[in-house]
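Here is a short tour for anyone meeting this structure for the first time. Have a look at the sequence and the model, then read on.

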Amino acid sequence: MAKTIVVKQVGSPIRRPAKQRQTLIGLGLNKMHKTRELEDTPSVRGMVNSIPHLVEIVEERDA
């Protein structure tokens with residue numbers, strides 16, 4: 001079974017560089033306080049770690 005993480009958007013992309021906005025869209029986030037359950041892969045972790053001021057990991061699950 002694959003591990004998953006629940007990611008929540010806590011910061012606004014307004015007045016942020018385009019690369020950070022594109023990273024949010026890549027994670028499937030586009031509105032404040034929206035959450036997504038994503039597979040825990042190195043690429044997803046890298047995206048989350050590149051914008052820690054805009055997202056937070058709410059929960060880690062063993063699916």
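## Two helices crossing

The axes of H1 and H2 come within 10 Å and cross at roughly 140 degrees. Axes here are lines fitted to C-alpha atoms, for helices over the stretch in contact, with angles running from 0 to 180 degrees between N-to-C directions. H1 and H2 are therefore oblique to each other; angles under 35 degrees count as roughly parallel, over 145 as roughly antiparallel, 65 to 115 as roughly perpendicular and the rest as oblique. The crossing of H1 and H2 is left-handed, a label used if the near helix is turned anticlockwise from the far one by less than a right angle, with clockwise giving right-handed.

Who meets whom? On the H1 side Thr-23, Gly-26 and Leu-27 meet Val-44, Met-47, Val-48 and Ser-50 of H2. Sorted by type, the residues of this contact of H1 with H2 are four nonpolar, three polar and no charged. (Ala, Val, Leu, Ile, Met, Phe, Trp, Tyr, Cys and Pro count as nonpolar, Asp, Glu, Lys and Arg as charged, and the others, Gly among them, as polar.)

## Ground rules

This is a predicted model, where local features need pLDDT of at least 70 and side-chain atom pairs count only at pLDDT 80 or more, while totals for chains, interfaces and linings use all residues. Residues are numbered from 1 along each chain as its sequence is written, and side-chain values use heavy atoms, with hydrogens and water left out.

Helices (H or I, at least four residues) and strands (E, at least two) are DSSP runs, numbered from the N terminus. Contact means heavy atoms within 4.5 Å. Buried means under 20% relative accessible area, exposed over 50%, and partly exposed in between, using a 1.4 Å probe and protein chains only.

## The two sides of H1

Helix H1 runs over residues 18-27, and its buried residues are Gln-20, Thr-23, Leu-24 and Leu-27. They cover an arc of only 100 degrees around the axis, which puts them on the same side of H1; the arc is that of the directions from the helix axis to the C-beta atoms. An α-helix has 3.6 residues a turn, so residues three or four places apart point the same way.

The buried residues of H1 pack against strand S1 (3-9), strand S2 (35-39), helix H2 (42-50) and strand S3 (55-62). On the face turned away from that buried side sit the exposed residues Lys-19, Gln-22, Ile-25 and Gly-26. After H1 comes Gly-28, with a positive phi near 85 degrees.

Is Gln-20 buried or exposed? Gln-20 is buried, at 19% relative accessible area. Leaving aside neighbours within four places in sequence, Gln-20 is in contact with Ile-51, His-53 and Leu-54.

Lys-19, also found in helix H1, counts as exposed at 67% relative accessibility. Its C-alpha atom and that of Thr-35, 16 residues apart along the chain, are separated by 20 Å.

Lys-34 lies in the loop between H1 and S2 and is partly exposed, at 33%. Lys-34 and Lys-8 are 26 residues apart along the chain, with their C-alpha atoms separated by 5.7 Å. Not counting residues up to four places away in sequence, Lys-34 touches Val-7, Lys-8, Gln-9, Gly-28 and Leu-29.

Asp-62 belongs to strand S3 and is exposed, with a relative accessible area of 66%. Asp-62 touches Ala-2 and Lys-3, again not counting residues up to four places away in sequence.
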